[in-house]
Amino acid sequence: MHKVGVRQEVIDRVMKRRGKVHVFDDYHPKKTALVVIDMQGTFCDEGAPAEVASSRGIVPNLNALTPKLRELGVPVMWVLHANSNFKGESDWDMFYNYFVSGDIRARTIEANAPENQAVYSGLDTGPEDMVIVKNRYSALIPGSSSLERVLRSLGIDSILIAGTKTNICCESTARDAMMMDFRVTMLEDCCAALSDDEHRAALENIVQQFGNVMTSDEVVKRLQQNA
């Protein structure tokens, strides 16, 4: 797990701009959902083509958080990445043809095949949890997944974002969520990136322009107050 957080100089900048660090202070269980991004073998397994080793470090925090949320009636949504492919060609050519190559490209296409996706084995899931599949970094960009429709149908206006990578799929989803008028909170102790610097940079982007950055314990306490 990353040991870095938002720097004091960024907090000072936020305070000067809006007078408080947290944009949202109240959390209501009936209007909140946990959205866990890409915690699957492609990113969590040792030796996987897109391995984020630190993702395994947030598993204990997620396993401690999810039972508390289920008890409060907060939906837990596992968002997994998958790309359809046919004869070595993917439904996301922009990524596979330009951002990966050679053996890594082939292994990543295979790893991201829809039939290979499941929540990482070290995570505790519940029968009431939902699994949603996306095919782009952001789960909320048009055409990527059914996440927006599911959230709206449940009356959710606040999402807690966890998973990996903090600065890619988690941040992309968080940015789009805020611009679609969802109240966003990035759970800093339940997100993982390839380095401390990338993790912290994403947290600092979110806290300045897109939502709250809090620990899972902080959010649970606020949810319990309105349970």
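The exercises below refer to this predicted model, and each is followed by a worked solution.

**Exercise 1. Determine which residues of helix α9 are buried, and how they are arranged about the helix axis.**

Solution. 
Step 1. Helix α9 spans residues 216-225, and its buried residues are Ser 216, Val 219, Val 220 and Leu 223.
Step 2. In a view down the axis of α9, these buried residues fall within an arc of 100 degrees, so they line one face of the helix.
Step 3. This can be set beside a general rule: an α-helix has 3.6 residues a turn, so residues three or four places apart point the same way.
Step 4. Lys 221 and Gln 225 are exposed on the other side of α9.
Step 5. The cover over the buried residues of α9 includes strands β1 (32-37), β6 (158-164), β7 (183-192) and β8 (212-214), together with helix α3 (59-72).

**Exercise 2. Describe the packing of α3 and α9: what are the angle, the distance between the axes and the handedness of the crossing?**

Solution. 
Step 1. Two packed helices are described by the angle between their axes and the distance between the axes.
Step 2. For α3 and α9 the angle is about 15 degrees, and the axes are 11 Å apart.
Step 3. Angles under 35 degrees count as roughly parallel; α3 and α9 are therefore roughly parallel to each other.
Step 4. Their crossing is left-handed.
Step 5. On the α3 side the contact is made by Leu 65, Lys 68, Leu 69 and Leu 72, and on the α9 side by Ser 216, Asp 217, Val 220, Leu 223 and Gln 224.
Step 6. By class, the residues of the contact of α3 with α9 are 5 nonpolar, 2 polar and 2 charged.

**Exercise 3. Carry out the corresponding analysis for α7 and α8.**

Solution. 
Step 1. Helix α7 comprises residues 166-179, and helix α8 comprises residues 196-209.
Step 2. The two helices pack at an angle of about 10 degrees, with 10 Å between their axes.
Step 3. This angle makes α7 roughly parallel to α8.
Step 4. From α7, the residues Thr 166, Asn 167, Glu 171, Ala 174, Arg 175 and Met 178 meet Glu 198, His 199, Ala 202, Leu 203, Asn 205, Ile 206 and Gln 209 of α8.
Step 5. The contact of α7 with α8 has 5 nonpolar, 5 polar and 3 charged residues.

**Exercise 4. Locate Asp 38 and Asp 181, give the phi of each, and decide whether each is buried or exposed.**

Solution. 
Step 1. Asp 38 lies in the loop between β1 and α2 (41-44), whereas Asp 181 is in the loop between α7 and β7.
Step 2. Although not a glycine, Asp 38 has a positive phi of about 60 degrees.
Step 3. Asp 181, likewise not a glycine, has a positive phi of about 75 degrees.
Step 4. The relative accessibility of Asp 38 is 0%, so Asp 38 counts as buried.
Step 5. The relative accessibility of Asp 181 is 66%, so Asp 181 counts as exposed.

**Exercise 5. Characterise the peptide bond from Thr 164 to Lys 165.**

Solution. 
Step 1. This bond is cis, with omega near -10 degrees.
Step 2. Lys 165 is placed in the loop between β6 and α7.

**Exercise 6. Describe the surroundings of Gly 41.**

Solution. 
Step 1. Gly 41 belongs to helix α2.
Step 2. Neighbours within four places in sequence being left aside, Gly 41 is in contact with Ala 48 and Ala 118.
Step 3. Gly 41 and Glu 51 are 10 residues apart in sequence, and their C-alpha atoms are 8.3 Å apart in space.

Definitions and conventions:
Residues numbered from 1 in each chain as written. Predicted model: local features only at pLDDT ≥ 70, side-chain atom pairs only at ≥ 80, totals over all residues. Heavy atoms only, no water. Buried < 20%, exposed > 50% of the residue type's maximum accessible area, 1.4 Å probe, protein only. Helix = DSSP H or I, 4+ residues; strand = E, 2+ residues; numbered from the N terminus. Arc of directions from axis to C-beta. Contact = heavy atoms within 4.5 Å. Axes fitted to C-alpha atoms, helices over the stretch in contact; angles between N-to-C directions. Parallel < 35°, antiparallel > 145°, perpendicular 65-115°, else oblique. Left-handed = near helix turned anticlockwise from the far one by under 90°. Nonpolar A, V, L, I, M, F, W, Y, C, P; charged D, E, K, R; others polar.
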